[in-house]
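Dear colleague,

I am handing over the structure below, and my notes on it follow directly after. Please read them with the coordinates open.

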Amino acid sequence: MKTSRKVLIIKTGFSEFLDRGISTTVSLGDVLICTSLLHLYKKDEVTWVTDWQARQLLHKNPYIHHLLIFGTKALEHLNTQEFDILINLEKDIGICTFLNQLRARKKYGFYFNDTIHNISTRRPSTQYLLSGQENHREIKKNALEILYETVGEEWKGQGLILTQRPKHREKFDIGFNYAVGSKWPTKAWPMDHWKSLENLVGKSYKITWQQGHKNLFKYIDWINDCRMIVTSDSLGQAVAQALGKKVVTLYGPTNHVRMQGIPGVTVVPSPLKCPYMPCFLPVCKFDKFCMDYISPEKVAQMCEEQLR
């Protein structure tokens with residue numbers, strides 16, 4: 001009989017798993033995406049360290065036994081423990097340096113390399129994760145394939161894990177997840193395009209516009225009320241995936257390859273042939289930017305195909 005292992009996962013959302021940048025804006029979608037790894041440790045005792053802002057995404061997750069909020073108290077507690085597996089998905093230099101001293105039989109992810117005095121990855125095949133996403137143009141794997149590769153495993157279609165919401169009859173056919181975060185406002189699809197999409201599909205399908213902007217639980221419940229979510233590259237995409245919804249995701253300044261091949265997700269990349277794409281810039285260099293070129297007619301077609 002297999003013995004339960006003690007597993008430590010560090011994912012606060014301060015840095016995005018696929019990007020080198022560190023931010024005070026916690027990436028909730030990135031935290032949720034990383035829950036896919038829990039499929040590997042369902043029979044183990046998992047401790048997860050996250051930021052206060054991300055705790056609601058992980059609260060009552062059936063595969064997380066100890067949810068710690070990042071801070072002095074949590075770090076002092078970890079210093080008294082010994083783990084079988086340690087997975088660090090944060091690139092913060094302070095976190096990486098601290099984790100070097102923790103006791104664990106196997107370590108994956110990012111760490112502080114005393115030889116080069118910089119952050120490194122424990123698997124050479126994922127060294128490119130230390131570069132910015134704008135340098136990932138040649139990567140042909142999706143985000144979950146890369147995530148699993150980081151811990152020495154092969155992704156086999158495992159999805160995201162979110163505390164289950166009560167099952168009920170869905171009230172709407174399509175939810176418009178139109179708002180984007182402050183970190184990348186260039187992800188936004190123009191409002192006149194959203195209104196055109198409503199005119200195109202509103203006669204055949206029941207439409208709802210994004211709700212719960214300031215309350216994560218209400219936001220999740222709104223998505224749970226929909227059969228399908230149309231969204232940009234945002235938290236809504238990850239929540240909808242985790243809830244088993246059909247997702248149509250619009251991509252411009254970020255890399256659409258990250259979601260290709262993921263069950264239930266239809267990717268609609270901008271057709272613009274911009275030499276900077278994906279640029280990951282918060283401000284576009286041009287008056288009319290890549291998201292403008294995704295036509296409402298194309299999105300309506302994708303919605304109708306997925307809802308048949």
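Strands β2 and β3 run parallel and are joined by four bridges, where strands are DSSP runs of E of at least two residues and helices are DSSP runs of H or I of at least four residues, both numbered from the N terminus, and where two strands count as paired if DSSP finds at least two bridges between them. In this pairing, W48 has L67 of β3 as its bridge partner. Strand β1 (residues 6-10) is likewise parallel to β2, to which five bridges join it, and here I9 stands opposite W48 in β2. Of the six residues of β2 (residues 45-50), five are buried, and the strand is mostly covered; buried means under 20% relative accessible area, exposed means over 50%, and partly exposed lies in between, with a 1.4 Å probe and protein chains only.

Before going further, please note that this is a predicted model, in which local features need pLDDT of at least 70 and side-chain atom pairs count only at pLDDT 80 or more, whereas totals for chains, interfaces and linings use all residues. Residues are numbered from 1 along each chain as its sequence is written, and side-chain values use heavy atoms, with hydrogens and water left out.

Within it, β9 (residues 226-232) and β10 (residues 246-251) run parallel and are joined by five bridges; T231 has T249 of β10 as its bridge partner, and M228 stands opposite K246 in β10. Five of the six residues of β10 are buried, so this strand is largely enclosed by the rest of the structure.

Eight of the eight residues of α8 are buried, so the helix is largely enclosed by the rest of the structure. The helix is followed by G244, whose phi is positive, near 75°.

Two loop residues deserve a look. S234 lies in the loop between β9 and α8 and is buried, with a relative accessible area of 17%; its side chain is joined to that of T231 by a polar contact of 3.0 Å, that is, a pair of N or O atoms within 3.5 Å of which, within protein, one must be able to donate a hydrogen and the other to accept it, residues adjacent in sequence counting only if both atoms are side-chain atoms. G252, in the loop between β10 and β11, is buried with a relative accessible area of 3%. Leaving aside neighbours within four places in sequence, G252 is in contact with S270, M277, C290 and M291, while D292 is 40 residues away from G252 in sequence and 8.9 Å away in space, C-alpha to C-alpha.

For the protein as a whole, there are nine helices and eleven strands, and buried residues make up 54% of the 308 residues. Among contacts between residues at least 6 apart in sequence, 59% join residues at least 24 apart. The C-alpha atoms fill a box of roughly 60 × 45 × 35 Å, taken along the principal axes.

Best regards

Terms used:
Contact = heavy atoms within 4.5 Å.
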